[in-house]
Amino acid sequence: MELSSEELSAKQNAQIAYVLMLLGVFTGILWFIGAIWAMLKIGDARGTRFEDHYSNIIRVFIIGLVLSVVGGILTIILIGWPILLAVFIWSVFKIVKGLVRLSDNQPYRAVVL
C-alpha cells in the first residue's frame, strides 16, 4: 500500500519520536526531546492512520514521567524501585509495540469491527 506524502511525513516524524523516546529510556534527556517532537508534530499527522501513534507517545511520556517521579520519591522506603522497574518495562513495551505497528504502516490501536 502506497503512502501519501502527508502519511509518509507523519510516519517519519513518529519514527523519530519513538527512537528518541527509546533512547531516552536510557539517557533521560532524549525522552523529553522525543515527547516534545511528538507534541509539535501531532498537528501534521491529523487525519492520517498514524495520528494515534503521537497520542501514544505523549501518553507514555506523561504517565511515565508521573510514575517515575512517584517511584523516585518512594525509593526512600524501597517501594519505589519496583515502581521504577515497572515504568521502565511498560515504557519500553509501549514504544517497541508502536515502532512495530508503525513499520507495518498500521495505526497504534487496531480497529476492531
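1. Helices are DSSP runs of H or I with at least four residues, strands are DSSP runs of E with at least two, and both are numbered from the N terminus. Just after helix H4, Asn-105 takes a positive phi of about 60 degrees.

2. The model is predicted: local features need pLDDT of at least 70 and side-chain atom pairs count only at pLDDT 80 or more, while totals for chains, interfaces and linings use all residues. Residues are numbered from 1 along each chain as its sequence is written, and side-chain values use heavy atoms, with hydrogens and water left out.

3. Helix H4 covers residues 80-103, which is 24 residues. From its first C-alpha to its last, H4 reaches 34 Å, close to the 34 Å expected at 1.5 Å a residue; the expected span is 1.5 Å times one less than the number of residues.

4. Which residues of H4 are buried? They are Gly-80, Val-87, Ser-91, Lys-94, Ile-95, Gly-98 and Leu-102. Buried means under 20% relative accessible area, exposed means over 50%, and partly exposed lies in between (1.4 Å probe, protein chains only). The cover over these residues includes helix H1 (5-27), H2 and H3.

5. Ser-91 illustrates this burial: its relative accessible area is 3%, so it counts as buried. Leaving aside residues up to four places away in sequence, Ser-91 touches Trp-31 and Val-60; a contact means heavy atoms within 4.5 Å.

6. The largest nonpolar core has 21 residues. Such a core is a set of buried Ala, Val, Leu, Ile, Met, Phe, Trp, Tyr and Cys residues joined through side-chain atoms within 4.5 Å. Those with the most contacts inside this core are Tyr-18, Met-21, Trp-31, Ala-38, Tyr-54, Ile-57 and Ile-95. H1, H2, H3 and H4 each supply at least two of its residues, and H1 gives the most, with 6. In soluble globular proteins, nonpolar side chains tend to be buried together.

7. Not counting residues up to four places away in sequence, Ile-57 touches Ala-14, Ala-17, Tyr-18, Met-21, Gly-34, Ala-35 and Ala-38.

8. How many salt bridges does a search of the whole structure find? There are 2, a salt bridge being a side-chain nitrogen of Lys or Arg within 4 Å of a carboxyl oxygen of Asp or Glu. In one, the closest N and O atoms of Glu-7 and Arg-49 are 3.2 Å apart. Because Glu-7 lies in helix H1 and Arg-49 in the loop between H2 and H3, the pair ties together parts that are 42 residues apart in sequence. Glu-7 is buried, at 15% relative accessible area.

9. A salt bridge also joins the side chains of Glu-51 and Arg-46 (2.9 Å, N to O). Glu-51 is partly exposed, with a relative accessible area of 24%, and Arg-46 is partly exposed at 46%.

10. On the surface, Ile-29, Phe-32, Ile-33, Ile-36, Leu-40, Leu-65, Val-69 and Ile-73 form a nonpolar patch with about 750 Å² of accessible area together. Areas come from the Shrake-Rupley method with a 1.4 Å probe; for residues, only the protein chains shown count as cover. Patches are made of residues with over 30% relative accessible area and no salt bridge, with like charges joined within 9 Å and nonpolar side chains (Val, Leu, Ile, Met, Phe, Trp, Tyr) within 5 Å.

11. Helix H2 (29-41) and helix H3 (51-74) each supply at least two residues of the patch, and H2 gives the most, with 5. Leu-40, at 64% relative accessibility, counts as exposed, and Ile-29 is exposed at 56%.
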